[in-house]
Amino acid sequence: MVFRYSLEESKIRRVGEVCESSVTFDLQDRVMAQLSMYLGQDLKFIQENWHMLVQILLARNISLKDISEGLLGKEMHISCLDSVGLKNKNPKLMTRNGENQNGQASDDSFLPGLHDDTALDILAWSSRSGYPTLSCLNKKFRSLIASGYLYKLRRRLGVVEHWVYLACILMPWEAFDPIRQRWMRLPRMQCDECFTSADKESLAVGTQLLVFGRELSGFAIWMYSVITNSWSRCPQMNLPRCLFGSSSLGEIAIIAGGTDKNGRILKSAELYNSELGTWETLPDMNLPRKLCSGFFMDGKFYVIGGMSSPTESLTCGEEYNLETRTWRRIENMYSPSNVGTQSHPAMCSPPLVAVVDNQLYSADQATNEVKKYNKTNNSWNVVKRLPVRADSFNGWGLAFKACGDRLLVIGGHRGSEGEVIVLHSWDPADGNGDGPEWNVLAVKERAGAFVYNCAVMGC
């Protein structure tokens, strides 16, 4: 997340002048008292990020005194209004007393006394965990949340919260908010029994969670929308497949390789646009591969690992340039440690990889080590031991993901009280080797000890 400020900051600067924090806290106390009176405790997320509100107001050259008088100088209430299209939104000019240009009181605003543009900025900076509550306030808020506009505004402002979406052996899909330590169960997917029982792959892109699998009729993709909090069918790929490599960058994702319904190993690739809900066929890779992994690094898409035949493992990688629409083969980019062991390559999971700050890391399934990729030398160096064993099931049942500026390792643990899923985190900026140990971010009970699917969504 980008919320890296503290309410204990003594001063906030604005165009050469200094606003004392006492003014900030006085405004905070008065406004939050009013908000709590009329909206209850459900707007706690606004209070938690109140310093962001102050900075937004200052950035817009709005006087704290004017806001204090304008926002609190009238009785606050938010009426139930007919929904208004955001694209046609033309907010009225609000005066210090919350009046419109005709001198009459106006309640047709998100936060009475504030311009809608300023109010929308405030809501965009607030935690998205509070958006469902906001949608219950009135029709205008419900229309705002359902439109997805706030997420577009968050992207423009650079506001990102990373949530973990997880499905385990004894647990349906749930979302985990690492900042607030909250677990939220997703609605039940209305798929058939075949899709429920079959192996699945997942990918988060934009505000969507895509789950790929097989139904009785063939390959299928189910999509969960953060905006609507519901599942629906996602348009099918031009060439449906499984066992592919994939990754997302903002509102797009790339799927590469895999096998078709007849088991043929593919070298084709497709790009998914979550804004349009469309699939675009990309140029083919140099080699076909399945059981591979994909990732974005430095604005380019990469595929490493996998098999080009039922018996041949690949050590080369491929880089796709989105601007030139070309693939580049990179020799010896990834050499699995399970080569020479008794484990057949087809029994091992795809490479467990994650990118933090444009730096590639892998979790070695055979040695239980975290390795860091050296772009200059095209080599890997051991930086840390994994907090759990990855070799128990040849890499299966374990998630290795990037979550903002941290690495996550999510795996099962069997203890005296039963099986639990443990979320471990580590910030590579803290140092390697003898640096800080893995932190236990969360423990999920009654979830089993095997991670089926995991994706991290940043929006």
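Buried here means under 20% relative accessible area, exposed over 50%, and partly exposed in between, with a 1.4 Å probe and protein chains only. Helices (H or I, at least four residues) and strands (E, at least two) are DSSP runs, numbered from the N terminus.

This is a predicted model, where local features need pLDDT of at least 70, side-chain atom pairs count only at pLDDT 80 or more, and totals for chains, interfaces and linings use all residues. Residues are numbered from 1 along each chain as its sequence is written, and side-chain values use heavy atoms, leaving out hydrogens and water.

**Stop 1: strand β19**

Select residues 359-363, strand β19. Five of its five residues are buried. Gln359, Tyr361 and Ala363 lie on one side. Leu360 and Ser362 lie on the other.

Strand β18 (residues 352-356) pairs with β19 in the antiparallel sense, over five bridges. Look for Val356 opposite Gln359. Two residues separate the strands in this hairpin, and Asp357 has a positive phi near 55°.

Strand β20 (residues 369-374) also pairs with β19 in the antiparallel sense, over three bridges. Here Tyr361 stands opposite Lys372. The hairpin of β19 and β20 has five residues between the strands, and Asn368 takes a positive phi near 60°.

**Stop 2: aromatic rings**

Show Phe, Tyr and Trp. Their rings (for Trp, the six-membered ring) pair if the centres lie within 6.5 Å; planes under 30 degrees apart count as stacked, over 60 as edge-to-face and the rest as tilted. The count comes to 16 aromatic pairs.

Pick Tyr131 and Tyr151. Their ring centres are 5.7 Å apart and their planes stand at 80°, so the pair is edge-to-face. Tyr131 is in helix α6 (residues 131-134) and Tyr151 in helix α8 (residues 149-157), 20 residues apart. Both are buried.

Next, Tyr224 and Trp231: centres 5.5 Å apart, planes at 50°, so this pair is tilted. Tyr224 and Trp231 are buried. Then select Phe296, Phe301, Tyr320 and Trp327, a cluster linked by ring pairs.

**Stop 3: charges over rings**

The rule: NZ of Lys or CZ of Arg within 6 Å of the ring centre and within 35 degrees of the ring normal. Arg128 lies over the face of Trp163, 3.8 Å from the ring centre. Lys140 has its charged end over the ring of Phe110, 4.5 Å from the centre.

**Stop 4: confidence**

Colour by pLDDT, the predictor's confidence in each residue, from 0 to 100. The protein chain averages 80, and 74% of the residues score at least 70. Over residues 62-99 the pLDDT is below 50. Where pLDDT is low, the predicted coordinates should not be read in detail.

Key. Pairing = 2+ DSSP bridges. Contact = heavy atoms within 4.5 Å.
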